[in-house]
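Reader: I want to learn how to read contacts, cores and helices from coordinates. Can we take them one at a time?

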Amino acid sequence: MSTTASRTAPVWPAAVADAVAVLAFALIGIASHDGSLVAAFGRVVWPFALAAALGWAVTRAWQDPARVWPTGVLIWFVTVFGALVLRGVSGQGLAWSFALVTAVFLAITMLGWRALVTALRRGAAAQDRSAG
């Protein structure tokens, strides 16, 4: 599929997909460790939400939000690295195991939906070529 076609795709589903990835990560972490969703939600979510928003701004993701490379990879990297830094400077602590789980989960979710969209677009383009 052409780059032009992907740039005309709506931005909001991509933003929602990344937000869902961050929220799912936070909710799973809270359920696994903190237990109290209400008490922990804001404390856990803000570094990841802020870092993801920064990733979107740095990459100007709204121009082509579903691209795996470079958009998705850079958003993922900024989200992981930025959130870990924000957690560290805010006194929330860091552990290598947490950093690894963070990186893997967010890679699977933030890059996974983009890879799925890419595969679906390629399939649709191939079907259009064979029908035409």
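Author: Start with polar contacts: pairs of N or O atoms within 3.5 Å, where within protein one must be able to donate a hydrogen and the other to accept it, and residues adjacent in sequence count only if both atoms are side-chain atoms. Here the side chains of Q92 and S90 make such a contact, at 3.3 Å. A polar atom of the Q92 side chain also lies 3.2 Å from the backbone oxygen of R43. The model is predicted: local features need pLDDT of at least 70, side-chain atom pairs count only at pLDDT 80 or more, and totals for chains, interfaces and linings use all residues. Residues are numbered from 1 along each chain as its sequence is written, and side-chain values use heavy atoms, with hydrogens and water left out.

Reader: Where does Q92 lie, and which residues is Q92 in contact with beyond four places in sequence?

Author: Contact means heavy atoms within 4.5 Å. Q92 sits in the loop between helix 4 and helix 5. Neighbours within four places aside, Q92 contacts R43, W46, P47 and R87. Helices are DSSP runs (H or I, at least four residues), numbered from the N terminus.

Reader: How do I read the span of helix 3?

Author: Compare the span with an expected value, 1.5 Å times one less than the number of residues. Helix 3, residues 37-59, has 23 residues and reaches 31 Å from first to last C-alpha, close to the expected 33 Å. Helix 4 has 22 residues and reaches 30 Å, close to the expected 32 Å.

Reader: Where is the kink in helix 3?

Author: A bend is the angle between axes fitted to the seven residues ending at a position and the seven starting there. In helix 3 a kink of about 35 degrees lies at V45, shortly before the proline P47. After helix 3 comes R60, with a positive phi near 50 degrees.

Reader: Is G82 buried or exposed?

Author: Buried means under 20% relative accessible area, exposed over 50%, partly exposed in between (1.4 Å probe, protein chains only). G82, found in helix 4 (residues 68-89), has 18%, so G82 is buried. The C-alpha atoms of G82 and P47 are 7.5 Å apart, though the two are 35 residues apart along the chain. Beyond four places in sequence, G82 contacts A51 and F77.

Reader: Which residues have the most contacts inside the largest nonpolar core?

Author: A nonpolar core is a set of buried Ala, Val, Leu, Ile, Met, Phe, Trp, Tyr and Cys residues joined through side-chain atoms within 4.5 Å. The largest has 19 residues, with F48, W56, I75, V80, L106 and M110 making the most contacts inside. Helix 2 (12-34), helix 3, helix 4 and helix 5 (96-131) each give two or more residues to this core. Helix 5 gives the largest share, five residues. Another core, of five residues, lies apart from it and includes I30, A40, V44 and V45.

Reader: How many salt bridges does the structure hold?

Author: A salt bridge puts a side-chain nitrogen of Lys or Arg within 4 Å of a carboxyl oxygen of Asp or Glu. There are two. One joins R114 and D18 at 2.8 Å, N to O. R114 is in helix 5 and D18 in helix 2, so the pair ties together parts 96 residues apart in sequence. R114 is buried at 0% relative accessibility, and D18 is buried at 2%.

Reader: What about D64 and R67?

Author: D64 and R67 form a salt bridge, with the closest N and O atoms 3.6 Å apart. D64 is buried, at 5%. R67 is partly exposed, at 34%.
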